Amino acid sequence: MAEINSVTDLSLEGDVAVITLNSPPVNALSAKVREGLYEGFKAAGANPAAKAIVLICEGRTFIAGADITEFGGAMAGPSLFDVQGMMENSPKPVIAAIHGTVLGGGLEVALCAHYRVAVPSAKFGLPEVNLGLLPGAGGTQRLPRVVGPERALEMMTSGRHVPAKEALAGGLADELVEEGKLREGALAFAKKVLAENRPLTRIRDQNEKVEAARGKPEIFAEFRKANARKFRGFLAPEYNIQTIEAAVNLPFEEGLKVERKLFGELMSGPQSAAQRYSFFAERTANKIPGIADDTPLIPIKKVGIIGAGTMGGGIAMNFANAGIPVVIVEQRQEPLDRGLATIRKNYERTASRGGITAQQVEDRCALITGSLSMEDSFGDVDLVIEAVFERMDIKKDIFAKLDAICKPGAILATNTSGLNIDEIASVTKRPESVIGLHFFSPANVMKLLEIVRADHTSDSVIATSMKLAKQIGKIAVLVGVCPGFVGNRILGQRQREAQKLVMEGAMPWEVDRVLYDFGFPMGPFAMSDLAGLDIGWVKEKSNGESIRDVLCEADRRGQKTGAGYYDYDENRNAKPSPFTENVINDFIVKSGANPRKISDEEILERCIYPMINEGMKILEEGKAIRASDIDVVWQNGYGWPVYRGGPMHYGDQIGPAKVLAKMQEFQAKMGDQFKPAPLLEKLVSENKKFADL
Ligand code: 3HC
């Protein structure tokens, strides 16, 4: 075995040269890796004893892509194209031996091998779109030549990881070899290629599939139309589509030029910067300063949930999906039965769309049992999550009982969306075991989990919760106790301004339109209609004091009653409502205010800047660890447009000084609700960015 460089070795097995790459964690194509590959292929090519070349990786995966940390800087050493040229033009057959994930630049390298073998657990993909990019190393031209333009459209605009079996069927892999025996399998394959004198297949020369789609622009038109909603606001999906059009309509080299040009535009634009930032923000959120990597974890083998409502049921599904048994406790049989039936219905709906099999429906339902007694059911659980009404007295009562029932060391969690968890913990004799696990509705779908650390929560409980979040497929952010925690506290700012704007002359649909155009899936009033205007509204106490009161009193309680802020037709399409407009105008007259025309710019700034300012207060108080954690919360829990990074990243894009100046201007006009956070002032005075915090 000869060392090529610190991450690459070359060995000879009979007449097959084996280049082994080992650059943890994911063998990303850093300068060192490119150098190793380039020199490795050169040396293997020059060795007359080597008749074929296998490229294989150590560690958990084949090459998972370009090294994202290198983006934006100058590239040192050989380029990816140099490496690819070495492979594709090699006079000796090159075989990529694939395990783990072969993604982005990794797949683009593999597509320059003459053959690809993989283990059955391997996954193939071009996920650049999720970083606001497109494959920039020939993948846009090679993938359609292998799988055809239609499949390439789907793969490149979704970034989906394609399982090995599907990759084999689609021509991405040439052979699957036994799991755990990749090296042997790849060597045997290489020998077969030599023995059978198989050709040096170059994907760039294979034109049948792209030529078959030439002169059929409807393929692209239909794809764009079918996905218009999904792609709204994003540049990268459209650019990916254009490169596939180029693959279909232009010779390979010309297609590469289109790829190069569009890749450059995306790479230097703000959307990709935001999406790359988000990639690392999500991963950084997992790192908790002060909690050591070897903090002992509490094994979670069984979970208890209190409340079989929408929230409790959704939470339970997360654990069943991960194979962890759950027992749900309700007070009465009827809501318990209803809750369990809803869970089954949800699973069956997923199965009917092909998401899971009928057997998986049964397996998961079997993992979720119901009970009417905490005493009978919670003695052996390792984690309990309370998901009942947001009332402190009820929660305290439950936690006092849990303290008496649960075994020592069990985690006692509340799903409160904003109540004081220290107060809840105070009724137990084990506040170190109490934590907030704030799921977002629908809890089986939404990715975000706010993990709320109370004053006494132990490191073990925090570390276990973070790990568990990953296990059940959530993106976790650790936050501190304060009203509304991080997400809802910031939301409160936007909601307040939205309501005020309406009283100053902007109609709900105008506010909604501005936020929708900014990139949110819907504005705050459409959101209220969807959630139900009557959440927290009590009919008996309603006295027409607010616009909401009047709407609810008129049975306009949102989409479910066919009307709320908006009127809805039978297909739930929203229309601005003259009724609501009258109600608002009456309120404005009563308040003696002078309605005015409010610009889109003001609507946006009034809604968004106070959110950024609140984020600064949260950081000042230590309720979030870092600015990027706030962005992770808002992207994954509140529909903040992915291509804008999150409120803090957006603040950096427009500039902290501008945010501060606007807050000062609003404060002077409208009062201290706009008072700038001292940390914002400090940041601006030091000429720093939010990302520097
Ligand atoms: N570059 C640099 N670092 C990377 C990386 C990459 N492409 N991919 C992963 N990492 C780092 C992560 O930041 C993380 O670092 P940390 O431990 O310091 O936080 C570490 O590798 C492990 O990553 P994960 O925590 O995500 O590990 P998982 O096992 O959960 O997932 C993975 C592994 C599926 C490979 C996932 O990391 C992933 O999806 N990576 C990105 C893949 C990708 O987007 N590739 C395309 C890159 S762009 C490109 O190739 C352009 C080309 O067309 C020219």
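Figure 1. On the side-chain side, Glu128 places a polar atom 2.6 Å from an oxygen atom of the ligand. A polar contact here is a pair of N or O atoms within 3.5 Å; within protein, one must be able to donate a hydrogen and the other to accept it, and residues adjacent in sequence count only if both atoms are side-chain atoms. Of the 980 Å² of accessible area that the ligand has on its own, the protein covers 76% (areas by the Shrake-Rupley method with a 1.4 Å probe).

Before you go on: this is a predicted model, in which local features need pLDDT of at least 70 and side-chain atom pairs count only at pLDDT 80 or more, while totals for chains, interfaces and linings use all residues. Residues are numbered from 1 along each chain as its sequence is written, and side-chain values use heavy atoms, with hydrogens and water left out.

**Figure 2. The shell around the ligand.** Which residues come nearest to the ligand? Of the 25 around it, they are Arg60, Glu108, Glu128, Arg283 and Lys287 (a residue is near if one of its heavy atoms lies within 4 Å). At least two shell residues come from each of strand S6 (101–103), helix H3 (105–110) and helix H13 (270–284), and H13 gives the most, with 3 residues. Helices (H or I, at least four residues) and strands (E, at least two) are DSSP runs, numbered from the N terminus. Sorted by class, the shell holds 13 nonpolar, 5 polar and 7 charged residues. Ala, Val, Leu, Ile, Met, Phe, Trp, Tyr, Cys and Pro count as nonpolar, Asp, Glu, Lys and Arg as charged, and the others, Gly among them, as polar.

**Figure 3. The second largest pocket.** This pocket has a volume of about 580 Å³. Its lining has 17 residues, and Arg229, Tyr516, Pro521, Met522 and Ala526 are the closest to its centre. Helix H22 (508–518), helix H23 (524–531) and strand S19 (566–568) each give two or more residues to the lining, with H22 giving the most, 4 residues. The lining counts 9 nonpolar, 3 polar and 5 charged residues. On a 1 Å grid over the protein atoms alone, a pocket is an open set of points with protein on both sides within 12 Å along at least five of seven lines, whereas a cavity is a set where a 1.4 Å probe fits but cannot get out; lining residues have an atom within 4 Å of a point. Grid points are joined across faces, edges and corners, and a volume is the space filled by probe spheres set on the points.

**Figure 4. The largest cavity.** How many cavities of 30 Å³ or more does a search of the whole structure find? The search finds 2, and the largest has a volume of about 50 Å³. Among its lining residues are Val147, Arg151, Glu154, Met155 and Leu172. Helix H5 (149–158) and helix H6 (164–170) each supply two or more lining residues. By class, the lining has 5 nonpolar, 1 polar and 4 charged residues.

**Figure 5. The second largest cavity.** About 30 Å³ of space lies here, lined by Gln495, Ala498, Gln499, Pro524, Phe525 and Ser528. Helix H21 (487–504) and H23 each give two or more of the lining residues. The lining has 3 nonpolar and 3 polar residues, and no charged ones.
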